[in-house]
Amino acid sequence: LDILSYTSYTVAEFDGVQKALKLMSEGKDPYVIIDYSASGESLSADKYNTVRLEYMIPVSENSNNYKLDLFFMTDDMKSFSGEAMIRQGLIADGEYHVLDISMSDRSLWAGIVKRLRIDYFAENYDCKNFYLKSITLVKK
């Protein structure tokens with residue numbers, strides 16, 4: 001849980017059975033922010049072309065319209081913005097899935113990676129549980 005610098009409308013706890021971070025939505029626009037700048041190591045966006053998430057949405061969540069918004073912030077940016085956002089569809093079948101988000105065509109993906117913001121239920125605020133097993137910056 002030390003990687004999370006901020007959560008919004010989210011309770012986060014480690015689930016020992018799933019061996020994953022359980023994110024529980026408590027309202028509209030739930031998200032978590034991962035602050036790489038606090039790690040003490042500079043991560044150059046030029047070395048990474050993919051953000052990889054391993055996630056699971058329980059089958060009990062009764063919608064098939066799941067979307068995730070990934071926002072990123074580099075050292076040249078003052079805040080998160082829609083220009084630095086990628087929307088991806090998600091699968092809710094109770095199984096873990098790997099979601100690879102390509103960053104290679106994002107012009108703002110340059111410089112030092114400061115933060116990632118994961119809006120794990122974009123547009124679908126009735127959903128409650130999202131499991132995040134890993135998030136990885138994949139080298140080119």
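Here is a short walk through a predicted model, starting with a sheet and moving on to its salt bridges.

Let's begin with the strands. Five of them make up an open sheet, in the order E2-E3-E10-E5-E8, and the pairing is antiparallel. At the edges you'll find E2 (10-15) and E8 (97-102); each has a single partner strand, so one side of each is left without a neighbour in the sheet. On average, neighbouring strands here are turned by 30 degrees against each other, direction ignored.

Now look at one pairing inside that sheet. Strand E5 (residues 48-56) and strand E10 (residues 129-139) run antiparallel and are joined by eight bridges. Tyr 48, for instance, has Lys 139 in E10 as its bridge partner.

Next come the charged side chains. Opposite charges on side chains can pair when the charged atoms come close. The structure holds six salt bridges. One of them, between Arg 52 and Asp 100, has an N to O distance of 2.6 Å. Arg 52 sits in strand E5 and Asp 100 in strand E8, so this pair ties together parts that are 48 residues apart in sequence. Arg 52 is partly exposed at 32% relative accessible area, and Asp 100 is partly exposed too, at 40%.

Another salt bridge brings Asp 69 and Arg 87 together at 2.7 Å, N to O. It links strand E6 (residues 67-74) with strand E7 (residues 85-89), the two residues being 18 apart. Asp 69 is buried, with 6% relative accessible area, while Arg 87 is partly exposed at 36%.

Finally, find Asp 119 and Arg 117, whose side chains meet in a salt bridge (2.7 Å, N to O). Both residues are buried. Through shared partners, salt bridges join Asp 29, Arg 117 and Asp 119 into one network.

Note on methods
Residues numbered from 1 in each chain as written. Predicted model: local features only at pLDDT ≥ 70, side-chain atom pairs only at ≥ 80, totals over all residues. Heavy atoms only, no water. Pairing = 2+ DSSP bridges. Helix = DSSP H or I, 4+ residues; strand = E, 2+ residues; numbered from the N terminus. Axes fitted to C-alpha atoms, helices over the stretch in contact; angles between N-to-C directions. Salt bridge = Lys/Arg side-chain N within 4 Å of Asp/Glu carboxyl O. Buried < 20%, exposed > 50% of the residue type's maximum accessible area, 1.4 Å probe, protein only.
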